[in-house]
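Reader: Please take me through a model at the level of side chains. I would like the general idea of each feature before the case itself.

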Amino acid sequence: MIIAQITDTHIAHGAPDADRRASDLERTLADINSLDPAPDVIIHTGDVVHGGRREDYAAAASLLATARAPIYVAPGNRDDRENLRHSLSRWVPASGLGFLDYAVEDFPVRLVAFDTTTSASNRGDFSAARDRELTALIEAGDQRPIAVFMHHPPVTVTVGPDPLNFVTPEAMADLQRSLERSGRVAAVFCGHVHRSTWGRIGDIPVIVAPCTATTLRKGDYPPQMQSQPVYHLHRLNSASELVTEVRIVAAAT
Ligand SMILES: [Fe+2]
């Protein structure tokens, strides 16, 4: 299956670059719509909006509605869990769980969205309650491989200002153990650090996509690329074989 990953769109009415953030998302979705073969699914790994406001979710929703492929969203630290659940319910299946965790069963690879956000920190959190939800979602499925998508990378990212993206090293280590336990997690897809980077938990690749909002993107890009959104296309099959392609959206004309 083909998974298009977008992340960190940070839609924010009133921001100086608000129009650019919206057009970056619009252009990215138009590019995804133009792909042949089309992706099976689009995942958004969080920070859909910048301040959690409902009017920003409404603006994001009108843009996300232009996508042809089904979209699934995991929350980021800039999101408001309840407003996201309310305004983007079409893209966040109800699971009955306390956190915004759910599984998608429609594809050769199972998708599990995992909520790492906490109102106490911009970093990710993990706890016994979150472990129970993640484990329940993983164990509820069959033997298909699983792609987990979440906002915060559960690995140290040694480029950038802060290598640790969880509240404590112990919380991240606990999450790593939880992800490894079943032996069926084939890949973890994340955002949050606004740059393209990769890591590994044992045999599990952890792939971090750059933010869709070009004005917030980290890392060096040549001047002619600075206004071009970049996103990830993951090809992942039922044998857990993964190929990730970095896709550059064509320059605006
Ligand atoms: Fe972000």
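Author: What follows covers the metal site, backbone angles, salt bridges, cysteines and a surface patch.

Author: This is a predicted model, in which local features need pLDDT of at least 70, side-chain atom pairs count only at pLDDT 80 or more, and totals for chains, interfaces and linings use all residues. Residues are numbered from 1 along each chain as its sequence is written, and side-chain values use heavy atoms, with hydrogens and water left out.

Reader: Which residues coordinate the iron ion?

Author: Donors are N, O and S atoms within 2.8 Å of the metal (3.2 Å for Na, K and Ca); water is not among the atoms, so sites may look incomplete. Here the iron ion is held by D8 through OD, H10 through NE2, D47 through OD and H194 through NE2, at 2.1 to 2.3 Å. Along the sequence, these donor residues follow the spacing D-x1-H-x36-D-x146-H. H10 sits in the loop between β1 (2-6) and α1 (18-34), and D47 in the loop between β2 (41-44) and α2 (54-64), so this pair ties together parts that are 37 residues apart in sequence. Helices (H or I, at least four residues) and strands (E, at least two) are DSSP runs, numbered from the N terminus.

Reader: What is the geometry of the site of the iron ion?

Author: Ideal angles at a metal are 109.5 degrees for four tetrahedral donors, and 90 or 180 degrees for six octahedral ones. In practice, four donors count as tetrahedral if all angles lie between 85 and 135 degrees; four count as square planar and six as octahedral if opposite donors are over 155 degrees apart and all others between 65 and 115; anything else is irregular. The four donor atoms of the iron ion make angles of 92 to 171 degrees, and the site is irregular.

Reader: Is H10 buried or exposed?

Author: Buried means under 20% relative accessible area, exposed over 50%, and partly exposed in between (1.4 Å probe, protein chains only). H10 is buried at 2% relative accessibility, and D47 is buried at 2%. H194 is buried as well, with a relative accessible area of 10%.

Reader: What should I look for in the backbone angles?

Author: Most residues other than glycine have a negative phi, and most peptide bonds are trans. H10 has a positive phi of about 50 degrees. H194 has a positive phi too, near 65 degrees, and is found in the loop between β7 (185-190) and β8. The peptide bond from D36 to P37 is cis, with omega near 5 degrees; P37 belongs to the loop between α1 and β2.

Reader: How many salt bridges does a search of the whole structure find?

Author: A salt bridge is a side-chain nitrogen of Lys or Arg within 4 Å of a carboxyl oxygen of Asp or Glu. The search finds 14 of them. One pairs R53 with D56, whose closest N and O atoms are 2.8 Å apart; R53 is partly exposed at 34% relative accessibility, whereas D56 is buried at 1%. Another pairs E105 with R110, again with the closest N and O atoms 2.8 Å apart. E105 is partly exposed at 37%, while R110 is buried at 0%.

Reader: Where do R235 and E245 lie?

Author: Their side chains meet in a salt bridge of 3.0 Å, N to O. R235 is in strand β10 (residues 230-236) and E245 in strand β11 (residues 242-248), so the pair ties together parts that are 10 residues apart in sequence. R235 is partly exposed at 35% relative accessibility, and E245 is partly exposed at 33%. Elsewhere, salt bridges that share partners join E105, R110, D142 and R144 into one network.

Reader: How many disulfides does the structure hold?

Author: A disulfide is a covalent bond between the sulfur atoms of two cysteines. The criterion is a pair of cysteine sulfur atoms within 2.5 Å. The structure holds zero disulfides. C190 is in none, and the nearest cysteine sulfur, in C211, is 15 Å away. For C211, the closest cysteine sulfur is that of C190, which is too far for a bond. C190 is buried at 0% relative accessibility, and C211 is buried at 0%.

Reader: Which residues make the nonpolar surface patch?

Author: Patches are made of residues with over 30% relative accessible area and no salt bridge: like charges are joined within 9 Å, nonpolar side chains (Val, Leu, Ile, Met, Phe, Trp, Tyr) within 5 Å. Accessible areas come from the Shrake-Rupley method with a 1.4 Å probe; for residues, only the protein chains shown count as cover. W198, V246 and I248 make a nonpolar patch of about 300 Å². W198 is found in strand β8 (residues 197-201).
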